[in-house]
Amino acid sequence: MDEHQVLILTLYQGRWIDKTKDIKSLEPYRGGFKVEFGNGTYRYGHSKIKVFRNPVEVDTSGSEIFVHNMPLNAGTYEVLRFSEHFCIFENGKKKYYPIGAVSFVKNILQSPNAIGIVDYYSKLAELKQEEKESKHLHYYYSKKLRLISDESIAARFIDNTTPATIEHNETLIFPFGVNLSQRTALKRALSSQLSLIQGPPGTGKTQTILNLIANLVMQGSSVAVAAGNNSAVANVFEKLEKSNLGFLAATLGSKKNVTSFFGTLPNKPDMSDWQLLPSEQASTRQSLVKLDMRITQLLESKNQLAKEKSYLDKLALEKRYFNKSFDTTPFELDRLSIFQRWQTPEVLKFMADFEYHSQLGSLTWKTKLKWLFKYRIYKFEELSEFDLSVFRRLVSTFYQTKIEETEQVIRVLQQQLDSEGFDMLLERQTDLSMKLFKSFVAEKYSHTEFKETNASSYNKRDYQDFVTQFPVTLSTTDSLMSNKPDAVLFDVLIVDEASQVNLLSGFLAMCCAKNMVVVGDTKQLPHIAKEKRQVDIEHLYGETSPYNYKRNSLLASLIKLFPLSPTTLLKEHYRCHPRIIEFCNQKFYNGELIVMTDGITEPFQIVKTEKGNHAAPVLNSKGLINQREIDVIEQEVLPVELAHTSSENIGVITPYRPQANKCNDHFGQRGIDADTVHKFQGREKDTIIFSTTANKINKHIDQPELINVTVSRAKNRLTFVSSQSLVKESGTNIGDLMRYIEYQSESQVIYESSVVSIFDCLYREYSEKLNVFMTRVRRNSEFLSEDLMSTLIDDLLNTGDYSCLAYKKDYSLSFLFSKFERFTNREAEFIQHPSSHIDFIV
């Protein structure tokens, strides 16, 4: 029969076989069919034969055809759809497939916009390979990127078209806890093709991602979580594992990670007590809906309480400084008036009135009458003199009144939260959410037979089984493309630490998903573009272009391209001592953060090294090393810090890689982490010691993003070790920080180091501690440094331990060697030269 008109399948040994071509005719017969073949006529009951007619031709122009997630070879194909089957014809030959086995992907890779962007990024990737910075990016762009689906988020990026909105009416769950801004971020993320989440330090980005994963998995979505490095996604996996849910995630990425994952596939826990009856599921959902409404209101009160506490701390500090400057007492305005409630607005109005009338020189009867009617004041003896002392008493009255009012607001809010049992309600919401989520997971895994797969087949024919078993894929942005078939898109891609993801790898990740949630912080350090050379088409994407690789992280690019996309700032901060994070809050976040932490101990310390240029440049590097700051940390800072905490809770950070390496060599064996500020982003320690390293403030160490990351790594204690010239330099971020610390710390927190070196005497301004030593220096050499060392050796050898030793100056190098076989000719020549000598030999 005509294969373009009909599809006939017959059941043979449990399999449906396409017999269309072999059949000459068929006609209905007694509830089945009479089928004529070339060798005879046979009868088939309805259960043994399927007949499909009236096919629909599928338009495949501009599309790639994939069968079982594998692309068909280049050629001309005719595709017909017979109900739940596709028939694909090539050169007169036909194959039929179940509808789920075939996919048609419209490829926009050859569109004009795509050609330009891909060509630009491809050439940059090639440049990275030539400069030996990255090999795999060039491979992905030159070999792997052969398809960009028109349904992918990359298509929106390429054409700069507004991302779609998504209708979402499911009950939200928060199995990992929640706060107000996280709740808003979650709702927006589930309702838009692209959602941006700005997550300042310590605001619960990972918690938000985990809640998002739970909601997406419950609605049957495939989820990819990617970042520019493995540590960010490892954090997500650790939190899933902690809740006994690690088996949902496939930790993929590089070939090495894939091999490791399939080498030790995760074991599923016992889920027998996770399952809920349908009635229990329904009642749990209803309880969550009711709880959500009440908790949302209480979360607003919780935030307001934190704001009031923060305001009270600032106000109390202001008052203490005011009292130190002016020895004055507040007015008892209630005693001067009758039937008048003196609240802050009334006090401020009266202060303004008093200041205005003070210009008249004296208190007139007309003013008294006005104040009587306006403020009910009838006693004027203490107000009769318009001098500065009276106004200062009014200021003191304002502070006292405002503090009392704020304390009352705090009491009311705290009583509301306590009476409602806020903490218990929040815990119940978390527990019920986790209960519902685990019930869904248990039901899914108990009713599904999973096909065994391996590292070579999981991203090909077996992918659907694989992603059903592991709905969450953890990877890096540059490796994600290799963790799935070309034809398949993840339903949702979540990019963490997006400010550190560059556009080359970020674009590849966007080609892998339909929807995307981007989590990051433009106020923290971006990725570092190391390329010095330019590609020939870079002028097409200049510095102001959102597509420019060197000027934009993935997050910055998307903010520029899609300014109207749903964007949420995570405001509630849970990491740092209030006075530590408040600097970042006011300096970088416009005061929008809500500090949820408490702290009464002194969090700051500044240690200034002795005068001198202690930072030394490193050969063939822009980096610096400052041994003096390392010595100060070793001898003065660490003994104090280790008295309060253990070494694993201390981090030493610096803006320069050579200094970080030196610190790591020095402190690493003691269990103290030392690294650059860039590498410490995303991490935290109870105590952070910052070695500024440079002698003077420069653009590199004074970057606002670097200062923000530096300060916000410290949970409880932050110590700055720096040159004296860095402290309080005006017009700089570091100077602002130093002044902030000095203002916030009423006790002494700025110290001058007592660690000195005789070579400090080489500087015009050297420490007073060296004055006595300098008087003993005998000038015998044309170099002061040699005379300083000679004096120091004399001092040492005059002590009892070393009195048996002697030394010589300018000792000929040739006297130390008699054989020169192990030296090169050049080295031997240098040793035997008459001018080659050792300054000192003991």
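Which residues do ring pairs link into a cluster? Select Tyr120, Tyr121, Phe157, Phe507 and Tyr547, which ring pairs join into a cluster; rings of Phe, Tyr and Trp (its six-membered ring) pair if their centres lie within 6.5 Å, with planes under 30 degrees apart counted as stacked, over 60 as edge-to-face and the rest as tilted.

Before moving on, note that this is a predicted model, in which local features need pLDDT of at least 70 and side-chain atom pairs count only at pLDDT 80 or more, while totals for chains, interfaces and linings use all residues. Residues are numbered from 1 along each chain as its sequence is written, and side-chain values use heavy atoms, with hydrogens and water left out.

The whole structure holds 29 aromatic pairs. Select Phe261 and Phe470 next: their ring centres are 5.2 Å apart and their planes stand at 75°, so the pair is edge-to-face. This pair links distant parts of the chain, 209 residues apart, with Phe261 in helix 7 and Phe470 in the loop between helix 14 (463-469) and strand 17 (472-476); helices (H or I, at least four residues) and strands (E, at least two) are DSSP runs, numbered from the N terminus. Phe261 is buried at 5% relative accessibility, and Phe470 is buried at 4%, where buried means under 20% relative accessible area, exposed over 50% and partly exposed in between (1.4 Å probe, protein chains only).

Staying on helix 7 (residues 255-263), select Lys255, which is exposed with a relative accessible area of 76%. Lys255 lies 8.9 Å from Ser482, C-alpha to C-alpha, although 227 residues separate them in sequence.

Finally, select Arg393, whose charged end sits over the ring of Phe331 at 4.0 Å from its centre (NZ of Lys or CZ of Arg within 6 Å of the ring centre and within 35 degrees of the ring normal).
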